[in-house]
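Please take a moment to look at the sequence and the model before we go through several of the helices.

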Amino acid sequence: MPRLDPASLGRHLDALYRAAWALCGSREDAEDLVQDTLTRVLARPRTIREGGERAYLMQALRNTFASTLRTRSRRPRTVAEVPDAEPVDPRAIQRPDGAAEMRELFTAVAGLPEDFRLALVAVDILGLSYAEAAGALGTSEATITTRIYRARRRVVTAVSAPASTGGGGEGSTPHRRP
C-alpha cells in the first residue's frame, strides 16, 4: 500500500481549508482545524488505502473535527464570545459582494446536519467522487447520493430565502396570495 507523501500535502491545502470552513462555519476555526489535522497526519508515517490522498485527508479532517467538538463540549467556557465581531478579511475589500456570498454559502453549509454537511463537503468542496466519499465516510454510495441531494436543496433554500423570513425548511413551499 502506498504511503502518504508529506510533500504532496500542499496541493490539498485549499480544498481542505474550504472543507474545514464548511464544517466549522468560521474561517478562523477552519484554519485551526486544517492545522490540527495536518499536525496529526504528519506526526507519523501514514498508509493510504483506496480512494487516494484526498479521501484520506477528508477522513482525517472529519475525525479531527469530531475530536475537537468532543473536547470543546467538555471544557467550560471561560470567555464570553462576541457574536458579531469578525476580523476584516483583506480579500473582502477587493470583492465585498463575493465575500458576502461566500460567507452566506459557508454559513448555510455549516448549518446542515452533520451527515449532510460531511457528504456535501466531501463531494462539492473536496472534489471526491461519490464512491470515494462513501469510502471516506464509511457509508454506501447510494446514501452519499441521497445526502448530497438533500444537502444541496437545503443550502439553496437557505441562501435564496429572504433574510426576514429566516428561510424555509426542506420541503417547504412558498405561500402565495391570490
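Which residues of α1 are buried? They are A15, L16, Y17, A19, A20, W21, A22 and L23. Please bear in mind throughout that this is a predicted model.

Let me stay with helix α1, which covers residues 13-24. With twelve residues at 1.5 Å a residue, α1 should span 16 Å, and the distance between its end C-alpha atoms is 16 Å, so the expectation and the model agree. Directly after α1 comes G25, whose phi is positive, at about 80 degrees.

Is E53 buried or exposed? Its relative accessibility is 15%, and because buried means under 20%, E53 counts as buried. Its surroundings can be listed by name: leaving aside residues up to four places away in sequence, E53 touches L4, D5, S8, R11, H12 and I48.

I come now to helix packing. In general, two packed helices are described by the angle between their axes and the distance between the axes. We shall apply that description to two pairs.

On the α6 side, the contact is made by L118, A119, A122 and V123, and on the α7 side by Y130, A133 and L137. By class, this contact of α6 with α7 has seven nonpolar residues, with no polar and no charged ones.

The second pair is α6 with helix α8, residues 141-160. How do the axes of α6 and α8 cross, and within what distance do they come? They cross at roughly 95 degrees and come within 8 Å. Consequently, α6 and α8 are roughly perpendicular to each other. From α6, the residues taking part are D115, F116, A119, L120, V123 and D124; they meet I144, R147, I148, R150, A151, R152, R154 and V155 of α8. This contact of α6 with α8 divides into eight nonpolar, no polar and six charged residues.

To close, I would ask you to return to α6 in the model and view its contact with α7 and then its contact with α8. Thank you for your attention.

Note on methods: Residues numbered from 1 in each chain as written. Predicted model: local features only at pLDDT ≥ 70, side-chain atom pairs only at ≥ 80, totals over all residues. Heavy atoms only, no water. Contact = heavy atoms within 4.5 Å. Helix = DSSP H or I, 4+ residues; strand = E, 2+ residues; numbered from the N terminus. Nonpolar A, V, L, I, M, F, W, Y, C, P; charged D, E, K, R; others polar. Expected span 1.5 Å × (residues − 1). Buried < 20%, exposed > 50% of the residue type's maximum accessible area, 1.4 Å probe, protein only. Axes fitted to C-alpha atoms, helices over the stretch in contact; angles between N-to-C directions. Parallel < 35°, antiparallel > 145°, perpendicular 65-115°, else oblique.
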